[in-house]
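I opened the model today to look up a few things. My notes follow in the order I took them.

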Amino acid sequence: MKQPNVFIFPLLVIVVCFLFNGCGVKYGFTGGSIPQNMKTVHVAYFENIAPMVYQTLGQNFTEGLKERIRNQSRLSQVNGEADAMFEGVITGYDIAPAAVEANTDRAALNRLTITVKVKYTNRLDDTGESNFEQSFSQFREFPGLIQGQEENLTREIINLLTEDIYNRAFANW
């Protein structure tokens, strides 16, 4: 009995991969669908007007959004008028029990939720279809008390929020 050629199957897999590679949708995470003529962006300071205040949240969120745009786009950040404008406020900073311990009234797990209201304006879009005003909310759950965990939790949530906002503005997700 003759042995099958061991090179045929890998060769067939490579050929199929090349065929499908040219026919699919390609996704990129650096730039999204930013219009070619868009060159500048302005991120205004996001004031924290939440009833419960974390002292540095406004500054940390604003810098986080600027950093996200700087790292994932080719846009130059400017002060004042720009092709794309982000402004808004932090409307919520809430800690609530997420799970209660059995046979007690104590929280076994707590949830920190941050909510941000964002207004995005694409000044190059005459139709206004890409503009939006929307609230974004993200949370992280944690055991025990917030002390000692607050800085890391807010950093994680800011990262999630800025990703959502960037994708909404530039990736149309």
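**Ground rules.** This is a predicted model, so I noted its limits: local features need pLDDT of at least 70, side-chain atom pairs count only at pLDDT 80 or more, and totals for chains, interfaces and linings use all residues. Residues are numbered from 1 along each chain as its sequence is written, and side-chain values use heavy atoms, with hydrogens and water left out.

**Whole chain.** I looked up the secondary structure next. Helices (H or I, at least four residues) and strands (E, at least two) are DSSP runs, numbered from the N terminus. The protein chain has three helices and six strands. I read their order from the N terminus as α-β-β-α-β-β-β-β-α.

I then checked the surface. Accessible areas come from the Shrake-Rupley method with a 1.4 Å probe; for residues, only the protein chains shown count as cover. The protein chain exposes about 11300 Å². Carbon and sulfur atoms supply 54% of that area.

For contacts I used heavy atoms within 4.5 Å. Among contacts in the protein chain with a separation of 6 or more, 68% are between residues 24 or more positions apart.

**Helix 2 against helix 3.** At what angle do helix 2 and helix 3 pack? I found about 50 degrees between helix 2 (residues 57-72) and helix 3 (residues 150-171), with the axes 9 Å apart. The axes are lines fitted to C-alpha atoms, for helices over the stretch in contact, and angles run from 0 to 180 degrees between N-to-C directions. Angles under 35 degrees count as roughly parallel, over 145 as roughly antiparallel, 65 to 115 as roughly perpendicular, and the rest as oblique. Helix 2 and helix 3 are therefore oblique to each other.

I listed the residues that meet. Helix 2 brings L57, N60, F61, G64, L65, R68, I69 and Q72. Helix 3 answers with I158, N159, L161, T162, E163, I165, Y166 and F170. By class, this contact has nine nonpolar, five polar and two charged residues. Ala, Val, Leu, Ile, Met, Phe, Trp, Tyr, Cys and Pro count as nonpolar, Asp, Glu, Lys and Arg as charged, and the others, Gly among them, as polar.

**Single residues.** I looked up R70 in helix 2. R70 is partly exposed, at 46% relative accessible area. R70 and V41 are 29 residues apart in sequence, and their C-alpha atoms are 9.7 Å apart.

E151 sits in helix 3. Is E151 buried or exposed? At 52% relative accessibility, E151 counts as exposed. E151 and T56 are 95 residues apart in sequence, with 9.5 Å from C-alpha to C-alpha.

Q149 lies in the loop between strand 6 (132-142) and helix 3. Its relative accessible area is 24%, so Q149 is partly exposed. Leaving out residues up to four places away in sequence, Q149 touches F142, P143 and G144.

My last stop was A96, in strand 4 (residues 84-100). A96 counts as partly exposed, at 36% relative accessibility. With residues up to four places away in sequence not counted, A96 touches N110 and R111.

Definitions and conventions: Buried < 20%, exposed > 50% of the residue type's maximum accessible area, 1.4 Å probe, protein only.
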